Amino acid sequence: MKSPSEKDNICNRTLFNQLFQKLAPDLYNFLYYKYGADNNPEDLVQEAFAKLWDNCGKVTPDKAKSFLFTVANNQMLNELSKKKTVLNYKSQEPQKNSTNESPEFVLEGKEFQDKLKKALEDLTEDQRVTFLMNRVEGKRHKEIAEILGVSRKTVEKRIYTALKILQEKLGKI
Amino acid sequence: MEEKSTILKYLNGEMTEKELEAFKQTSEYRFISSLDEELDNFKAPEYNPGDFQFDKAEKKKSIVRFLKPALQIAAVFLIVSSVVFYLMPRPTLLSTSNNETLSFNLPDNSRVFMNAGTQIKYSKSDWDSERLVDLSGEAFFEVEKGQKFTVQTEIGNVTVLGTSFNVTNRQDYFRVDCYEGKVLVESGNQEITLLPGETAQWTISGFNNWKEILNVSPEWLKGKSTFRSTPYHLVLDEFERQFDVSLRTKKINKERLFTGSFDHEHMEAALRSITVPFNISYSIEGKKILLFKQDSN
């Protein structure tokens, strides 16, 4: 148990900076997967933390995370010029020795990537961010539930639904 | 088809080695592992938060702090100015529509009689320092003695000290009749002083003035419109105003000068008064009247 003074105070610069370094990547990934690269996730992270710093006296450390995610999400939704979510992927060399030679995958390389990109963009924002946090960032369901402030059951439902949608769109196996 | 719970177990990395061995034989596993490989290309770029930039955040904060009092001042200013605007004296506006006359007293008890289709504007609060009336239309004034009294129209101004006079301003027609006292009339660079019984008139064709008035007040106040060398279209306009009708004409020279009068009592009698002298016929359909030349058919 921390002492009350320490617990209640994120106005301390060292503490706040620690909080920033700990939470910023998660917030960044959340915004990136939810709204895509074109909606300046990096700026939104900065703005959300600036707002937290502004209100550091009113927000307790255990509330800081949900404060940040709520603020960032609201800022995003308030943006009049919110762009359609566009996910960028790295241009890649054809992978010869990879497992995607499985006969079930008819589409390969660029063509498949485009199809996958489209399918991901067509998922709901919540499905996409949850699914990609699990599959790409390798986060456990419980961890995602904490980050997003929803129940583990909700996370599992989203992941499973997203998987089934992708399976439907990219070819039955 | 694998069970949902089995798939979720795999997706959460919770399988025992034995379970994993079995799951690897399924088509679900093959799809997911292939998908995972492809999804890796969609990984968010490496984000290195570095240190939080406090000065940047505080700069924004300080701008807000700096703006706050400014916004408060602006709000107070807005409220004060709207109250001032609301309380500020605004000119008094009076108007008559067709077939309507109105008389009222100005703050100094000078009396104004407004003929039909007339607007008058004056400022109550400025009245003590300046007796000024804006007129468009026709009105008769009985001015109490005092300082300068001015009637402004688009075409000319009338200035008096204490007297009674009639001012008519219809389109490009401007006429002043003096009934009592002395009236100074200005229009453009022309200036004329009228004595009782005198009239000054500006029409599009020029200026003329004459002495003829015998009465103490204009005819229209007794329900009669009189004209002297007045373009016919102005006569028709006045007729429309007095009876609230609309006149249309066919093959009629409306610039011809008309001298005569009509009564406000009976419309058809009045219509005869202004048509018979010019040999004009008319047909009446409700509020619409057509005037046409008699010998045209």
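In this predicted model, 29 residues of chain B are in contact with 41 residues of chain A, contact meaning that the C-beta atoms of two residues, placed from the backbone, lie within 7 Å. Helix 1 (4-11), helix 3 (27-39) and helix 4 (54-87) of chain B each give two or more residues to the side that touches chain A; helices are DSSP runs of H or I with at least four residues, numbered from the N terminus. Helix 3 of chain B provides the largest share, 10 residues. By class, this side of chain B has 13 nonpolar, 6 polar and 10 charged residues, where Ala, Val, Leu, Ile, Met, Phe, Trp, Tyr, Cys and Pro count as nonpolar, Asp, Glu, Lys and Arg as charged, and the others, Gly among them, as polar.

The local features rest on pLDDT of at least 70 and side-chain atom pairs on pLDDT 80 or more, while totals for chains, interfaces and linings use all residues. Residues are numbered from 1 along each chain as its sequence is written, and chains are lettered from A and ligands numbered from 1 in the order in which they are written.

The axes of helix 8 of chain A and helix 1 of chain B come within 11 Å and cross at roughly 100° (axes are lines fitted to C-alpha atoms over the stretch in contact, with angles from 0 to 180 degrees between N-to-C directions). The two helices are therefore roughly perpendicular, a term for angles of 65 to 115 degrees. A:Glu156, A:Ile159 and A:Tyr160 meet B:Lys4, B:Ile7, B:Leu8 and B:Leu11 here.

Conventions. Angles under 35 degrees count as roughly parallel, over 145 as roughly antiparallel, 65 to 115 as roughly perpendicular and the rest as oblique.
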